Amino acid sequence: MSDAREVRELVGRAGDMPYGQAKTVLLEEALRRAEALRERDLTFQVRMSLTEAYVYGAEPVKSFATFSRCLAEYDAEPGRFADWQHHSLLWQFKWAITGMTRFPEVPLGRAHDALTEMERRYREAGHGLHAVHAHRCYLAQHVGDREGAEEWFHHWQTTPRDVMSDCEGCDPNGKVAHLVWMGLDEAAVELAAPVVAGELTCHVQPQGILSALLMPYVRTGRLTEAAAAHRRAYRLVQGDANYVDDFGDHMEFCALTGNEARGLEILEREGPLLAKAASPRAAMRFTGAAALLLRRLEETGHGGAAVRWNGGEIPAAELRAEMERDARAFAARFDARNGTAEQGDRVERLLAAQPLVEHLPLTPHARRAVAAPAPVPPRESDPDELLRRAEESWRHADFEAAFAAWARFDEVTGPGEPSGARAARRADGHGLAAVLADRPHDGLREWARAAECYRLAGDELGRQSALGRIGLLKCRMGEMDEGLALVEASAAHLLAYGSAVHHSTATVRLAQARTLQGRTDEAVDLLERAALDDAADGGLLLLLADMLADRPGRAGDALAAAARARAALRGHRGADLAGACLLHARLIRRSGGDLEEALAAYGEALAAAPRSEAGSRAIAHASRGEVLVGIGRAAEAADDLIEAVAAFTALGAAGYAALARVDLCRAYLATGRPLDAAETAEEALALLPADAVEGRTDVRWVRAVALRELGELETALTAFTDLESDLATGRAGTSAQEAARAAEEAGDTLMRLERPLEAARRFAAAAQGHGPGLDAVRALRRQGAALFQGDEEEAALDILRTAGEALARLPRETLDDAEATWESGWIAFEEARTLGWLERFAEAVKRCDESQAAFRSIAHEDAAAEAADLGDQLRRRQHWTDLRGDGHEAETGG
């Protein structure tokens, strides 16, 4: 049989655990053993602890029995209990009354009776009625008694707080709920400000009040605050069955702010917890909000989408009907118990709610992409000039400008068909439009019409150009023999009789046909011969640079060709100039060239790319952002990468959006935005393929550091230890140094969790993994500091001396003197602190002076001042120790 000590050990272990099933099971076992021992006082205390575990572990219905048993035991022998036990029992009265309102099977009269009993006991104990008024207000709200709720709210507000009041984080949460229920959103936001600012928190705040403020923020136009509240609060509650009703708040918010996809993620992720909801009231809130969300999915055209639910899939429309039915059934049970229609009315208002904003971006990069400005429509009235503009824009791949000029031509020339050469040139435009719309057969027909019109107009150069276009299109459609013959015949005529523009166009077309035929060497030779002309066309040079870029040994030639293409095309806005700039920047980076020149090229690409080239613009933003992150200009990088993610997402390019997020999360972290960094990293991990090992590892690093900065220390610790394991075994790359770094970061996180002996083990692993060098010395020094914090002073001294010896053995010529001196100073500091704790003051003071001297030698005045302060403390302690020793000798006649 267990003894009382073992029961207390179980209770102690439970006390170190978070609320949830594991903690509750441990306390239930402790209660079973305490009852078997017939230890009345111990049993009472375990039962009180179990009541708390039930309330905060999503099982409040079980707390009724434990609380009632404790209350009856206290009433039977009140003199047996200490004041603090009486206080705890009175505190738990609040939990009991709250629970009664949340279970429709508990008669309403019992809640009223319990409130009366609570008030009596509080008065007899000499406590104020602040908490009593709060719970009377809650009960009035629950049944829809607005007049009563207002009266009790007034008493609540005007009664001074006392020791039985909810904490200063939770009390405002209840008041915010009342104000929102009364439609006073502005007052609710104002009252909540201190809790939101982090001035007043507890284990359920600020997440509780942030969830309550989601809709008030939106309704009052505080959209940035609303997005931040959703993101911050949901991170704190996700996966916790005690917050099933809060999940309803977040789904409602998503449904009414254009974030239905995010809401669906929450529904699917948290759906399994609905069966574990803390109460019917929580389940009612969840199902009602889920039904609203699913209705919005239907209204946005996704009613047939499959929703992951109960281990399978169910159509959204079908699940919506189920959620509506359940929400109404819960409400009906409450209203039948209460004798009012309040809960049913709330559910119906929720189910019928309409969007408040079209789309509220939850992160900067989640906004919808903004297209580049449309070209200014030409006001020219000369049909031939309009055709010239259209053809010039077409030649430089500025298709929007070309179509705008053709549209203006149609407006100027009227509804009839143009004649002669104009008819041919206009048919060229219709053919281009068809090809760009992926209607190649229509394109062939229009270009054939153009060729015939050119023939009738006596323009053989125009006819041959049209035939060349037809030939290249046929090659692309797989009709190689016929197509190649047309291209070759067209090129021969244009090269013999055409202008420089005709020569360039014919050469490019012929090179493209050769490439499609698999004769790439011939294509490159053809382009290189044409490029010998100093006035070679930019489009031709761009094609040459692109073909040379990946050919072995031709990197320098490709770079030179890209630079010439960019220079030749400059001044002609369009996809060709944008493409030349992007290629030039890529080749500069590949060659290790001037990154400032690459950045300038990306900027020029963005200025040149027309609105139709959204992909090019996205690549320019992503690439420029990647360079800026790499050279430490993270703030500028974030702006580019936000644009890139939004643009790739709009294009449906999820893979590219994921890669842009890799750099974006790094930029967020470097600019002090850990929440953005963590969420962006998590989005990237969800999108990156499993074989993108390097990218996934980079993102995991960012996520782990960001989680630690957010204070999510347990999750961060798991992230670092998983990284260490995967790096050590090759699942996240094969770098012993990176594995050692992960071990060291895990040790740092354990120190923040006040688990120094575990931290010491991770630092030891890091030191071994780093191998000889300053990194290993640093890890050893941190191991020693951790052992000191864990009350292992002698072991700490041994490790610190080992660190010093390891530093002394390193070849000085391989070290950065300042870094080595920095480590030497901190080793001496940690030794001094440890020696002082062991009251070896002479040695401690000596090491402290050495630490101070080391820091001063490298001008680290803050560290030197810290060492000086420690030295002063050590000297004072040595002085008082000496005095005590002298006094002892005098008393003993020494």
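Biologist: Which residue is the bridge partner of W309 in β2?

Modeller: In β2, W309 is partnered by G312. This is a predicted model, in which local features need pLDDT of at least 70, side-chain atom pairs count only at pLDDT 80 or more, and totals for chains, interfaces and linings use all residues. Residues are numbered from 1 along each chain as its sequence is written, and side-chain values use heavy atoms, with hydrogens and water left out.

Biologist: What makes β1 and β2 a pair of strands?

Modeller: Strands pair if DSSP finds at least two bridges between them. Four bridges join β1 (residues 306–309) to β2 (residues 312–315), and the two run antiparallel. A306 stands opposite P315 in β2. Strands here are DSSP runs of E with at least two residues, helices are runs of H or I with at least four, and both are numbered from the N terminus.

Biologist: Which residues of β1 lie on the covered face, and which on the uncovered one?

Modeller: V307 and W309 are on the covered face, A306 and R308 on the uncovered one. In a regular strand, side chains alternate between the two faces of the sheet.

Biologist: What is the phi of N310 in the hairpin?

Modeller: The hairpin of β1 and β2 has two residues between the strands, and N310 takes a positive phi near 50°. Most residues other than glycine have a negative phi. A58, not a glycine either, has a positive phi of about 70°. D438 is another residue other than glycine with a positive phi, near 60°.

Biologist: Are A58 and D438 buried or exposed?

Modeller: Buried means under 20% relative accessible area, exposed over 50%, and partly exposed in between, with a 1.4 Å probe and protein chains only. A58, in the loop between α3 (40–56) and α4 (60–76), has 8% and is therefore buried. D438, in the loop between α20 (420–436) and α21 (440–456), has 64%, so D438 counts as exposed.

Biologist: Why is V237 called buried?

Modeller: V237 has a relative accessible area of 0%, so V237 is buried. V237 belongs to helix α12 (residues 223–237). Leaving aside neighbours within four places in sequence, V237 is in contact (heavy atoms within 4.5 Å) with Q207, Y243 and F247.

Biologist: How do the axes of α15 and α16 cross?

Modeller: The axes of α15 (residues 280–302) and α16 (residues 316–338) come within 8 Å and cross at roughly 150°. Axes are lines fitted to C-alpha atoms, for helices over the stretch in contact, and angles run from 0 to 180 degrees between N-to-C directions. The crossing is left-handed, a term for a near helix turned anticlockwise from the far one by less than a right angle; clockwise would be right-handed. Among the residues making the contact are A283 and L294 of α15 and M323 and F330 of α16.
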